[in-house]
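Biologist: Could you take me through this structure? I would like to begin with its pockets.

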Amino acid sequence: MEKNKSTSSSDVRKKWDKHKKVRVITIAVLALIVVFVVVPIFTYYNVESESTQAVSSPDSNVVNNTTLTPVDPLPFVLSSKVGRAEGVGDSVFKRESGIPMLKKDDPKSLPQSTQTVLVERLSGTQMSKPFTIDKGYRYAKIWVKNKGKQRIAISISKNSPTGALVTERVVTIAGGTNWSIYTTKPWESGTYYVNFTSNGSPIQGVAVARVGARLAELNS
């Protein structure tokens, strides 16, 4: 009888120890799964979420700013009488009775106090013409004769037809009028573009540009 009780107690302890080992192993396996699988996945998605937020916010702001803040949506309409000038910042737009009949100077000719760097007939519905201001020349003046019946838009930009505006605004001049354009502050040396566009009608006219060491020499 005692022997049977002893055997029964021993079997119970063995079963208990066996179940205890199984539980310990199971807990250990679960802990390993949490450490090596669950935690890395959670960390990955958390980092990805923060990264996406950090990158997308500036881009969306740039798109919104670009869309909602157009540059100079309406050209400045010039309408002064002959001999009168209109100013926009440092830029001056003067209505003229005509434009000087000049020939383009040879860039290789001896330096002069003034130089004609552009003489161009206007045509098409849009065009851009470059001219260069070399070192030693600090001012430029552009004359435009609109021989057509429609208004044309004019802008002057630096480095490319779509570069920064030198005259601060795009302006339009009426058909049959003549205008001169210049700035009261010195120009930097480099390449500039005079840009012309119309609302579909062919542009007709002439553009002339001169550079000088002093503004007074160009205004005389």
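Modeller: A term is needed at the outset: a pocket is an open set of grid points with protein on both sides within 12 Å along at least five of seven lines, and lining residues have an atom within 4 Å of a point. Please note that this is a predicted model.

Biologist: Which residues line the largest pocket?

Modeller: The lining consists of I99, P100, M101, L102, V119, R121, V206 and V208. Two elements, β4 (114-122) and β11 (205-212), each give two or more residues to it.

Biologist: What is the volume of the largest pocket, and how does its lining divide by class?

Modeller: The volume of the largest pocket is about 160 Å³. Its lining has seven nonpolar residues, one charged residue and no polar ones.

Biologist: Turning to the core, which residues have the most contacts inside the largest one?

Modeller: They are F131, I154, W187 and F196, in a nonpolar core of 29 residues. Among the strands that supply at least two residues of this core are β4, β7, β10 (190-198) and β11. Another core, of five residues, lies apart from it and includes V92, Y182, L215 and L218.

Biologist: What does W187 touch, leaving aside its neighbours within four places in sequence?

Modeller: Its contacts include F131, I133, Y137, R138, I156, V166 and Y192.

Biologist: And S155: is that residue buried or exposed?

Modeller: S155 counts as buried because its relative accessible area is 10%, and the cut-off is under 20%. It sits in strand β7 (residues 152-158). Beyond four places in sequence, S155 is in contact with L165, V170, Y193, V194 and N195.

Notes
Residues are numbered from 1 along each chain as its sequence is written. This is a predicted model: local features need pLDDT of at least 70, side-chain atom pairs count only at pLDDT 80 or more; totals for chains, interfaces and linings use all residues. Side-chain values use heavy atoms; hydrogens and water are left out. On a 1 Å grid over the protein atoms alone, a cavity is a set of points where a 1.4 Å probe fits but cannot get out, and a pocket is an open set with protein on both sides within 12 Å along at least five of seven lines; lining residues have an atom within 4 Å of a point. Grid points are joined across faces, edges and corners, and a volume is the space filled by probe spheres set on the points. Helices (H or I, at least four residues) and strands (E, at least two) are DSSP runs, numbered from the N terminus. Ala, Val, Leu, Ile, Met, Phe, Trp, Tyr, Cys and Pro count as nonpolar, Asp, Glu, Lys and Arg as charged, and the others, Gly among them, as polar. Buried means under 20% relative accessible area, exposed over 50%, partly exposed in between (1.4 Å probe, protein chains only). Contact means heavy atoms within 4.5 Å. A nonpolar core is a set of buried Ala, Val, Leu, Ile, Met, Phe, Trp, Tyr and Cys residues joined through side-chain atoms within 4.5 Å.
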